[in-house]
Amino acid sequence: MFIVNLIRGFFMALADSVPGVSGGTIAFILGFYDEFIGSLNTLVSKNSKEEKIQALQFLLKIGVGWAIGMITSVLFLASIFEEHIYSISSVFIGFIIFSIPLIIKAEKETIKNKYLNIVWTITGILVVVAITVFNPVAGGTGFEVSLSQLNIGLILYVFIAGMIAISAMVLPGISGSTLLLIFGLYTTIISSIKEVLTFNFSYLPILIVFGLGVIIGILSTIKIIRHFLETARPQMIYLILGLMIGSLYAVFMGPTTLEVPQPPMSLSTFNIIFFIIGGAVIIGLEQFSKVIEKKHK
């Protein structure tokens with residue numbers, strides 16, 4: 001199972017590193033999301049030492065794959081993201097569109113005949129659209145993210161963004177990277193990680209602030225996510241679907257949050273070939289999950 005978990009972590013990192021679907025969504029599609037969340041919850045709860053060791057072993061395997069995937073993705077994305085924003089965004093749209101029916105299929109018994117919960121889907125859509133519309137960097141106006149002007153305001157902004165982003169990354173639905181894109185921090189964080197990987201440590205302070213936000217965010221949200229998935233799963237699934245649908249709007253508006261703002265993605269800049277590639281990746285992951293399930297039956 002080590003290689004399997006390595007691959008799982010690798011694909012989670014690829015999802016986490018790009019705006020679109022979250023690593024949590026990939027875990028959902030690959031069929032190990034509940035085990036993933038359960039293991040995280042075990043580490044932060046008062047479980048026995050044996051349970052904590054077992055959870056840690058599982059998460060370390062996932063973590064190694066995640067680290068490899070994140071480093072690979074960052075080194076690649078940082079150099080092409082802004083130049084090819086519309087093609088990459090088309091891939092993200094493919095990720096989202098093709099993931100939605102897979103989650104509905106996986107949770108059909110959970111959401112069946114509970115259609116009044118559609119209000120949670122609408123809520124999810126409105127939350128993402130509102131964050132996108134009212135964020136302070138949309139259109140290149142308002143709050144500027146500048147590493148040369150590291151001040152209290154920027155530190156708090158990056159810290160809070162880290163908390164929110166990690167919450168999204170572990171929750172199936174909107175990607176934490178999509179939220180970073182909305183907040184105007186995506187290229188900053190990706191470029192900073194790449195610079196540190198190439199031993200330029202002048203970017204380390206901003207990553208430490210972001211990392212602290214991530215740690216606090218995961219410690220404060222894991223129990224909440226686990227609780228609601230156990231006690232209100234239908235509502236959570238409908239909310240997750242809403243977050244994913246809403247993230248389509250966020251990805252279309254993503255180019256406006258770049259350091260040099262560009263027009264929102266439109267039908268003329270949408271690339272159908274890259275959209276299909278994104279969809280093919282998601283379908284391929286689902287088939288991979290089925291193969292793994294058959295081998296372990």
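Residue S177 lies in helix α9, which spans residues 176–182; helices here are DSSP runs of H or I with at least four residues, strands are runs of E with at least two, and both are numbered from the N terminus. The structure is a predicted model, in which local features need pLDDT of at least 70 and side-chain atom pairs count only at pLDDT 80 or more, whereas totals for chains, interfaces and linings use all residues. Residues are numbered from 1 along each chain as its sequence is written, and side-chain values use heavy atoms, with hydrogens and water left out.

S177 counts as buried because its relative accessibility is 2%; the term buried denotes under 20% relative accessible area, exposed denotes over 50%, and partly exposed covers the range in between, with a 1.4 Å probe and protein chains only. When neighbours within four places in sequence are left aside, S177 is in contact (heavy atoms within 4.5 Å) with D16, S17, V18, P19, M169 and Y186.

The chain as a whole contains 13 helices and zero strands. Its radius of gyration is 18 Å, close to the 19 Å that the globule rule gives for 297 residues, so the chain is as compact as a globular protein of that length. The radius is taken over C-alpha atoms, and the rule is 2.2 Å times the number of residues to the power 0.38. Along the principal axes, the C-alpha atoms fill a box of roughly 50 × 45 × 30 Å. Of the 297 residues, 49% count as buried. Among contacts with a separation of 6 or more, 79% are accounted for by residues 24 or more positions apart.

Helix α5 (residues 85–106) packs against helix α13 (residues 272–295) at an angle of about 40°, with the axes 6 Å apart. Axes are lines fitted to C-alpha atoms, for helices over the stretch in contact, and angles run from 0 to 180 degrees between N-to-C directions. The two helices are therefore oblique to each other, since angles under 35 degrees count as roughly parallel, over 145 as roughly antiparallel, 65 to 115 as roughly perpendicular and the rest as oblique. The crossing of α5 and α13 is right-handed; this means that the near helix is turned clockwise from the far one by less than a right angle, and anticlockwise for left-handed. Residues of this contact include F95 and F98 of α5 and F274 and F275 of α13. By class, the contact of α5 with α13 has eleven nonpolar, six polar and three charged residues. Ala, Val, Leu, Ile, Met, Phe, Trp, Tyr, Cys and Pro count as nonpolar, Asp, Glu, Lys and Arg as charged, and the others, Gly among them, as polar.

Helix α5 also packs with α12, at an angle of about 165° and with the axes 10 Å apart. This makes α5 roughly antiparallel to α12. The crossing of α5 and α12 is left-handed. The contact involves, among others, F92, I96 and I100 of α5 and I240, M244 and L248 of α12. Its residues comprise 15 nonpolar, three polar and no charged.

Among the contacting residues are W120, I125 and V129 of α7 and Y238, L239 and Y249 of α12. The residues of this contact divide into 14 nonpolar, seven polar and no charged.
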